[in-house]
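Subject: Structure handover

Hi,

Here is the structure for you to look through. My notes follow below it.

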Amino acid sequence: MPAGELRRVADPTDVGAVRERFIDTYGTSSETVDAATLVENYQRVREYSASHPNQGSGAVATALDLPRGRIRAWVDGDGRPDAVRALDTLTANGWLHLDWGESTLRALSALIVWIVVGGSLPRQGWLPAWSVADGTEPDIEHIGSVLGLEWGRRHVDDDISGTEWVPKRDGSVLGRLLAVLGAPTSATEGPSLPPWLLLDAPRPVRLAAARVAVRQRGTALPGGGMPLQLAMHHDGRREAIARLLRSVAPQDDEVRVDAGTNIRLDIRAAELLGAPPVLDGFLPR
């Protein structure tokens, strides 16, 4: 059964919702059972087997009224549904139980914005990739260290696509998580930023994300009162990024959208938002 329609969470700290939406991104080979049902079946089987360690798959299937073919590998071997393996990875990496004040959620928020301004997240394979502006390699390295990621690079010699940074491991798990948290999975998909990032996230989360956008897309301008601009050709994404920047700028009017495709920052906003994102440490909401 193919994975269902992608559903995003309204609150990234709602563990139950994140878990449920994450499981929904997985399909199964069955036409009659979905990934959520397989996860529930697996949990029942493991609990029953823990209390009846000497029973084989046939006895367990009879006791729980489940098809033996579905659970044989779970009982007689070390098999697990794909969604269960991914949930175990999510938990082991510390990516499931998110908190507004901790660095993990700031790092994930930064990666979501980075996808909007210079990345991709295809549903085919769920492997996210990021383009990295010159001089900002330490930013993505820092995000990787917070999330426990190692980076690889692809298209290094491709002058058309350009070099992209991708996770060396757990990439599809990270991609699925970013998608359910609100990262766009196509160039035309909207909204481009999750509502929680614009409306609910505390300032340290928004500031780290805003700095990623500025450092990846910002271009210095000669002279004038608006010394930095971000070229954003997608209307929805431009408006969303401008709204994010205004939410942390010294004054709203220091971030402007011009008559073309650019977001312009004045001196104070440029100085604040052009600094590296701060991700480490606990900051109270």
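A residue is called buried here when its relative accessible area is under 20%, exposed when over 50%, and partly exposed in between (1.4 Å probe, protein chains only). The model is predicted, so local features need pLDDT of at least 70 and side-chain atom pairs count only at pLDDT 80 or more, while totals for chains, interfaces and linings use all residues. Residues are numbered from 1 along each chain as its sequence is written, and side-chain values use heavy atoms, with hydrogens and water left out.

**Overall picture**

The chain holds 12 helices and 8 strands. These are DSSP runs numbered from the N terminus: helices are H or I with at least four residues, strands are E with at least two. The C-alpha trace spans about 80 × 45 × 30 Å along its principal axes. Of the 285 residues, 47% are buried. Contact means heavy atoms within 4.5 Å. Among contacts with a separation of 6 or more, 65% join residues 24 or more positions apart.

The chain exposes about 13300 Å², and carbon and sulfur atoms supply 48% of that. Those areas come from the Shrake-Rupley method with a 1.4 Å probe; for residues, only the protein chains shown count as cover.

On charges, Lys and Arg count as positive, Asp and Glu as negative, and His and the chain ends are not counted. Each charge is placed at NZ of Lys, CZ of Arg, CG of Asp or CD of Glu. There are 31 positive and 37 negative charges, and their mean positions are 1 Å apart.

**Aromatic pairs**

Rings of Phe, Tyr and Trp (its six-membered ring) pair if their centres lie within 6.5 Å; planes under 30 degrees apart are stacked, over 60 edge-to-face, and the rest tilted. That rule gives 5 aromatic pairs. One of them is Tyr-42 with Trp-74: the centres are 5.4 Å apart and the planes at 80 degrees, so this pair is edge-to-face. Tyr-42 is in helix H2 (residues 35-51) and Trp-74 in helix H4 (residues 68-76), so the pair links distant parts of the chain, 32 residues apart. Tyr-42 is buried because its relative accessibility is 13%. Trp-74 is buried too, at 6%.

Trp-151 and Trp-165 also pair edge-to-face, 6.5 Å centre to centre with 70 degrees between the planes. Trp-151 is in strand E3 (residues 151-154) and Trp-165 in strand E4 (residues 164-167), so the pair ties together parts 14 residues apart in sequence. Together with Trp-130, they form one aromatic cluster.

**A charge over a ring**

The charged end of Arg-176 sits over the ring of Tyr-26, 3.7 Å from its centre. The rule asks for NZ of Lys or CZ of Arg within 6 Å of the ring centre and within 35 degrees of the ring normal.

Gly-152 is buried, at 15%. Leaving out residues up to four places away in sequence, Gly-152 touches Glu-164, Trp-165, Val-166 and Lys-168.

Arg-238 is in helix H11 (residues 235-248). At 7% relative accessibility, Arg-238 is buried. With the sequence neighbours up to four places away left out, the contacts of Arg-238 include Val-257, Gly-260 and Asn-262.

Pro-204 is in helix H10 (residues 203-217). Pro-204 is partly exposed, at 24%.

Best wishes
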